[in-house]
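Please put the sequence and the model up on the screen.

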Amino acid sequence: MMPLLAVARGSLASSLTRLDKRDEAGRLLAAPATAFLCSADTDSIEDVFDAAEAHAAKQDKPEEVYVWLHPFCFDHHAEAMPMLWWATNFKQALKSIGTTVLLLQHEEPLALRRSWCLWQLHCTFSVEASLAVLMPKGEDDKMQAALAQNAALKEMLAQATDRKSTRLN
């Protein structure tokens, strides 16, 4: 995808928008996001797609849900944005979107160990956007079992500290 988008000079979403691409029902393939998906860079693309679909399925009009997914909405060929941009424009975008969907695994909550994901969550809270937490398929049952055991919950939360977070997404 990266070589193709180098020619297009932008993200996949911006290319689809510029070309006014639509699905069989005539709905736009890319439109302003109604949810921002926060996930670790090591999350599988299948889990990311499942989370986006699960979030959409919970909405009143799932066909009107557009999820901001980093691989498709970010221009990976553009110059890096300065921190001031992230502290202002990114926050404003999250406020405009209104909802952050956090993909979180039960046993290994990777997003809570990534400094960039923690920054995204900080921005979500600072602009008072809503937060939805979703788990990959099959993780809900594991989490319910862990919640039944107080010690397991304390251990999971103890692992989610800023001192242990890494710089990776």
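Among contacts in the chain between residues at least 6 apart in sequence, what percentage join residues at least 24 apart? It is 74%, where contact means heavy atoms within 4.5 Å.

Some ground rules. This is a predicted model, in which local features need pLDDT of at least 70 and side-chain atom pairs count only at pLDDT 80 or more, while totals for chains, interfaces and linings use all residues. Residues are numbered from 1 along each chain as its sequence is written, and side-chain values use heavy atoms, with hydrogens and water left out.

Now the fold. The chain has 8 helices and 4 strands; these are DSSP runs numbered from the N terminus, helices being H or I of at least four residues and strands E of at least two. From the N terminus on, their order is α-α-β-α-β-α-α-β-α-β-α-α. Of the 169 residues in the chain, 34% are buried. Buried means under 20% relative accessible area, exposed means over 50%, and partly exposed is in between, with a 1.4 Å probe and protein chains only.

Next, helix H3. H3 has 13 residues and reaches 18 Å from its first C-alpha to its last, close to the 18 Å expected at 1.5 Å a residue; the expected span is 1.5 Å times one less than the number of residues. Its buried residues are Val48, Asp50, Ala51, Ala52, His55 and Ala56. What covers them includes S1, S2, strand S3 (99-103) and strand S4 (130-134).

On to the aromatic rings. The structure holds 9 aromatic pairs. Rings of Phe, Tyr and Trp (its six-membered ring) pair if their centres lie within 6.5 Å; planes under 30 degrees apart are stacked, over 60 edge-to-face, and the rest tilted. Take phenylalanine 36 and tryptophan 68: their ring centres are 5.0 Å apart and their planes are at 35°, so this pair is tilted. Phenylalanine 36 is in strand S1 (residues 35-38) and tryptophan 68 in strand S2 (residues 67-68), so the pair ties together parts 32 residues apart in sequence. Phenylalanine 36 is also buried, at a relative accessible area of 2%. Ring pairs link Phe36, Trp68, Phe74, Trp85, Trp86, Phe90, Trp116 and Trp119 into a cluster.

Trp68 comes up again in the pocket. The largest pocket is lined by 42 residues, and Tyr66, Val67, Trp68, Leu69 and Cys73 lie nearest its centre. Which element gives the most to this lining? H5 does, with 8 residues. Elements that give two or more residues are helix H2 (12-18), helix H3 (45-57), S2, helix H4 (70-73) and helix H5 (83-97). For the method: on a 1 Å grid over the protein atoms alone, a pocket is an open set of points where a 1.4 Å probe fits, with protein on both sides within 12 Å along at least five of seven lines, and lining residues have an atom within 4 Å of a point.

Last, some loop residues. Aspartate 20, in the loop between H2 and S1, has a phi near 55°, a positive value in a residue other than glycine. Aspartate 20 is partly exposed, at 43% relative accessible area. Glutamate 128 also is not a glycine and has a positive phi, of about 60°. Glutamate 128 sits in the loop between helix H6 (115-126) and S4, and at 75% relative accessibility counts as exposed.
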